[in-house]
Amino acid sequence: MDFSSLLIDTYTLILLIILAVSALFLMLYYGLVYLRVAIYKNAKVPKSDQLSDRDLPFVSVVLVAHNDENFLRENLVYLLEQDYPNFEVVVVDYLSRGVNDETDKPSETQFILRLCKENYPHLKIVNFPSDVNMHQGKKYPLSIGIKSAKGDVILLTDPDSVPKDPDFRWIRSMMAGYIPGTKIVLGYNGVKKEKGLLNSMVQYENLCSAASMISMTIMGHPYTGVGKNLSYRRDFFFDKGAFISHYTEPYGADDMFVNQNADKSNTSLVLEPSSFTEMQAPQTPKQWRQMRKERFATKKYYSFKEKATLSMHGVFALMFYVSLVLLWMNNYTSLYWNIALGASLLIKFTWQIIAFSRLSKRFSVPSVHFFAPFYEIYFLVSNTIFYISSLISIKKRIR
């Protein structure tokens, strides 16, 4: 193979160095993030079946509902039927009056809650008949729900999420994370599997976000949590000022509280399959775009170190693809260069698919790993656009 041009072509040499460095970083990233999360076992956290009932704390499962009758009809029973000795489910019914905004039909949220209350006395309903929330978003009604709870431990979820464990051990599994010194327990929330490209892309993005959250927590730098499967001690929540410091930001009730208060010593991670929850996937591109914008809205509050760390994968992926294309454009007439560049791309893709397949298997998300290289390229562009647009303004919603 003739690569003698490297000796005289500085431009090609620089591009080759950039390609090599970025490829090495990405290979390490796939191993240290995807594979590490896939095989990680937290030896400090006991199995849920090892916990004695008398040692388990009273738990308050808290969620905010706003015209969510369809989700409550399907999912609420899974919360109320949990195999756990002492718990309550606190549903904050926030302005579920009149007509459902999405279906244009009369809201049945109150009827469903009253019906469940008749059969499950451990269901507590907190009603908001009028809008007294001076700030947009769900932080205020959620904080009222937590204040109304009587449990020493708060476990958060949403109406559109449901525990995956068929034996109803979700609460028990999450409580296993409360080893000595723990104030916050992070759990995994997946996406319901459906047919179609949109669902596949949502699955991929959710897995990448989860892998980032989990790997950073493993390394002792917890920076975010998912409010559909998140727990913390009630007194810790109020001692840290609840959501007061960021009430004006309508999003991030989970993300910002964890970001500001979690650290290596007070945060635990539970990855037992029985602790997983699963949310309803966005049904339209518009719903997905809105969800992604909301997720990006609070990243501007992260520290510079966190922003830099979370941006490294995107930066090096961009360096890899740009240098690869430029090298090919500069040497496309050479068969040897085509073979060399094609081989580097094949090796990168193969390792990426292998690592992501292990991650997918860990969280029972089949088939997504085959498309990981292509989704990476798509999200490299779209995430940049969403981050910029999130700095402007987005429609405010309750969830």
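**Close-up views of a predicted model**

**View 1. Salt bridges of Lys228.** The side chains of Lys228 and Asp160 meet in a salt bridge with an N to O distance of 2.8 Å. This pair links distant parts of the chain, with Lys228 in the loop between α6 and β8 and Asp160 in the loop between β4 and β5, 68 residues apart. The model shown here and in the other views is predicted. Lys228 also forms a salt bridge with Asp158, in which the closest N and O atoms are 3.1 Å apart. Since Asp158 lies in the loop between β4 and β5 and Lys228 in the loop between α6 (197-218) and β8, this pair ties together parts that are 70 residues apart in sequence. Lys228 counts as buried at 13% relative accessibility; Asp158 is buried with a relative accessible area of 4%, and Asp160 is buried with a relative accessible area of 10%.

View 2. Glu278 belongs to strand β10 (residues 277-279) and Lys164 to the loop between β5 and α5 (170-175), so the pair ties together parts that are 114 residues apart in sequence. Lys164 counts as partly exposed, at 33% relative accessibility. Elsewhere, salt bridges that share partners join Lys138, Asp158, Asp160 and Lys228 into one network. The structure holds 10 salt bridges.

**View 3. Strand β8 and its pairing with β4 and β6.** Strand β4 (residues 153-156) pairs with strand β8 (residues 230-233) in the antiparallel sense over four bridges. Within this pairing, Ile154 stands opposite Tyr232 in β8. Strand β6 (residues 184-186) runs antiparallel to β8 and is joined to it by three bridges. The bridge partner of Val185 is Ser231 in β8.

View 4. Ser22 is placed in helix α1 (residues 10-39) and counts as buried, at 0% relative accessibility. A polar atom of the Ser22 side chain lies 3.1 Å from the backbone oxygen of Leu19. Neighbours within four places in sequence aside, Ser22 is in contact with Phe316, Met319, Phe320 and Ser323.

**View 5. A nonpolar surface patch.** Tyr11, Leu318, Val322, Val325, Leu326, Trp328, Met329 and Tyr332 make a nonpolar surface patch of about 770 Å². Helix α10 (residues 304-331) contributes the largest share of the patch, six residues. Leu326 lies in helix α10 and is partly exposed, with a relative accessible area of 30%.

Key: Residues numbered from 1 in each chain as written. Predicted model: local features only at pLDDT ≥ 70, side-chain atom pairs only at ≥ 80, totals over all residues. Heavy atoms only, no water. Patch = residues over 30% accessible without salt bridge, like charges linked within 9 Å, V, L, I, M, F, W, Y side chains within 5 Å. Areas by Shrake-Rupley, 256 points an atom, 1.4 Å probe, with all protein chains shown as cover. Salt bridge = Lys/Arg side-chain N within 4 Å of Asp/Glu carboxyl O. Helix = DSSP H or I, 4+ residues; strand = E, 2+ residues; numbered from the N terminus. Buried < 20%, exposed > 50% of the residue type's maximum accessible area, 1.4 Å probe, protein only. Pairing = 2+ DSSP bridges. Polar contact = N/O pair within 3.5 Å; in protein donor to acceptor, adjacent residues only side chain to side chain. Contact = heavy atoms within 4.5 Å.
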